[in-house]
Amino acid sequence: MINFNIAAWRAWAPGLDSVADWQAWSQQPRLLDASNSAPDVSFLPAMQRRRLSRLARMAFSVGWPLAEGLEALPLVFVSRHGETPRTFDILSDLGAGQPLSPTQFSLSVHNAVIGLWSIMRGETSEMTAVAAAGDGLEHGLIEACALLHEGAPAVLLVITEEQPPEAYARWIDDVPFPYAVGLLLTPGEQWQVSLSAAPPGAPRTRWPHALELLRHLLAGHTSFQHAWKSRVWNWHRTP
Amino acid sequence: MSDLNRDIKQLIIDALGLEDISVSDIGDEQTLFGEGLGLDSVDALELGLAIQKTYGIKIDADAKDTRNHFSNVASLAAFVTAKQAA
């Protein structure tokens, strides 16, 4: 079992930015149009933000305000599918016998976002990029709790997914729309999460785990479960 | 401003995503990398690729004088002109 406090959270999806937006969505969850809208990252200098993909912009937009005023803040970055649009562009160039873009290539790797985060914030704390299955939220939490256990006063956990290019639609079925969720975690007993074996045929949650968590946080739920394949994550909040 | 200089400036803006900069903001003799425009090593690779694709020329990344050709827009224009004539 792991335990932690959620000191603050931020989230972004197309059209959903504020707590009020998320409150409305979580009462009546619906699919969102992926569109081309990207979150505002004008707090970054133009020369630094010009290369950021939407995935990176989403991660920065939820993470940056949570990191405000905190020095030496470890970061756990979670994304199952990563920069699928960049990967697809690179593979398309390769297929057409075209030379590859060095920018696309260098920013397509899974730890590119934490590398940019480190450079732009001058942050040298531990940072990890995790690609887990549909329960990346919980795997990221284990990583974050290990850092808290080692003595970090706070850990930033960012979960984000980009809408994959159409060509991947047959294989990627767990990204209803682009989203990012940032959690500022601190040591404490507020939340406990334990793992147990899932009964055969345990249903998946309707929405990705990070978005389900937001719904529970906003509704004030104190006990819920997230099942993924053979695993069930049992969430409990100390009243 | 010669047409080639103007084209190269536009190429720099497009290839490197310099959204908030226009052709008139870049001087012919302005240093592109480090100082001046403030481009970095990834930009150098990206710009090299864009120049090769656009003008159909080959750039030897290891050649000693490649760095000099990339110092500003005027030197790049001279390099492209010379390569295309060769």
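In the largest nonpolar core, which has 50 residues, A:Ala11, A:Ala59, A:Val155, A:Leu157, A:Val158 and A:Val181 touch the most other members. A nonpolar core is here a set of buried Ala, Val, Leu, Ile, Met, Phe, Trp, Tyr and Cys residues joined through C-beta atoms within 7 Å. Helix 3 of chain A gives the most to this core, with seven residues. Apart from it lies another core, of 15 residues, among them B:Leu16, B:Leu18, B:Leu47 and B:Val73. In soluble globular proteins, nonpolar side chains tend to be buried together.

The model is predicted: local features need pLDDT of at least 70, side-chain atom pairs count only at pLDDT 80 or more, and totals for chains, interfaces and linings use all residues. Residues are numbered from 1 along each chain as its sequence is written, while chains are lettered from A and ligands numbered from 1 in the order in which they are written.

Chain A has eight helices and seven strands. Helices (H or I, at least four residues) and strands (E, at least two) are DSSP runs, numbered from the N terminus. For the 239 residues of chain A, a compact globule would have a radius of gyration near 18 Å, and the chain has 18 Å, which agrees. This radius is taken over C-alpha atoms, and the globule rule is 2.2 Å times the number of residues to the power 0.38. Along the principal axes, the C-alpha atoms of chain A fill a box of roughly 55 × 45 × 30 Å. Of its 239 residues, 36% count as buried. A residue is buried if 20 or more other C-beta atoms lie within 10 Å of its own, exposed if 12 or fewer, and partly exposed in between; C-beta atoms are placed from the backbone. Among contacts in chain A between residues at least 6 apart in sequence, 72% join residues at least 24 apart. Two residues are in contact if their C-beta atoms, placed from the backbone, lie within 7 Å.

Helix 3 of chain A (residues 54-67) has 14 residues. From first C-alpha to last, this helix reaches 20 Å, close to the 20 Å expected at 1.5 Å a residue. The expected span is 1.5 Å times one less than the number of residues. Helix 3 of chain A is mostly covered, with 11 of its 14 residues buried. Among them are A:Arg54, A:Arg57, A:Met58, A:Phe60 and A:Leu66. The cover includes strand 1 (2-12), strand 2 (75-78), helix 6 (112-121), strand 4 (155-161) and strand 5 (179-197) of chain A. A:Gly69 follows helix 3 of chain A and has a positive phi, near 80°.

A:Leu185 lies in strand 5 of chain A. A:Leu185 is buried, with 27 other C-beta atoms within 10 Å. Residues up to four places away in sequence aside, A:Leu185 touches A:Phe4, A:Asn5, A:Ile6, A:Ala7, A:Ala144, A:Leu148, A:Ala154, A:Val155 and A:Leu157. The C-alpha atoms of A:Leu185 and A:Leu157 are separated by 7.3 Å, although the residues are 28 apart along the chain. Leaving aside neighbours within four places in sequence, A:Val155 contacts A:Pro74, A:Val76, A:Ala144, A:Leu147, A:Leu148 and A:Leu185.

Two loop residues of chain A other than glycine have positive phi. A:Ser35, with phi near 45°, sits in the loop between helix 1 (19-27) and helix 2 (46-49) of chain A. A:Ser35 is exposed, with 11 other C-beta atoms within 10 Å. A:Lys229, with phi near 50°, is in the loop between strand 6 (223-228) and strand 7 (231-237) of chain A. A:Lys229 is also exposed, with 11 other C-beta atoms within 10 Å.Chain B has four helices and zero strands, in the pattern α-α-α-α along the sequence. For 86 residues, a compact globule would have a radius of gyration near 12 Å; chain B has 12 Å, which agrees. Its C-alpha trace spans about 35 × 25 × 20 Å along the principal axes. Of the 86 residues, 22% count as buried.

In helix 2 of chain B, B:Asp43, B:Glu46, B:Leu47 and B:Ile51 are buried. They cover an arc of only 140° around the axis, which puts them on the same side of helix 2 of chain B. The arc is that of the directions from the helix axis to the C-beta atoms. These buried residues pack against helix 5 (102-106) of chain A together with helix 1 (3-16) and helix 4 (73-85) of chain B. Nine residues of chain B are in contact with nine residues of chain A.
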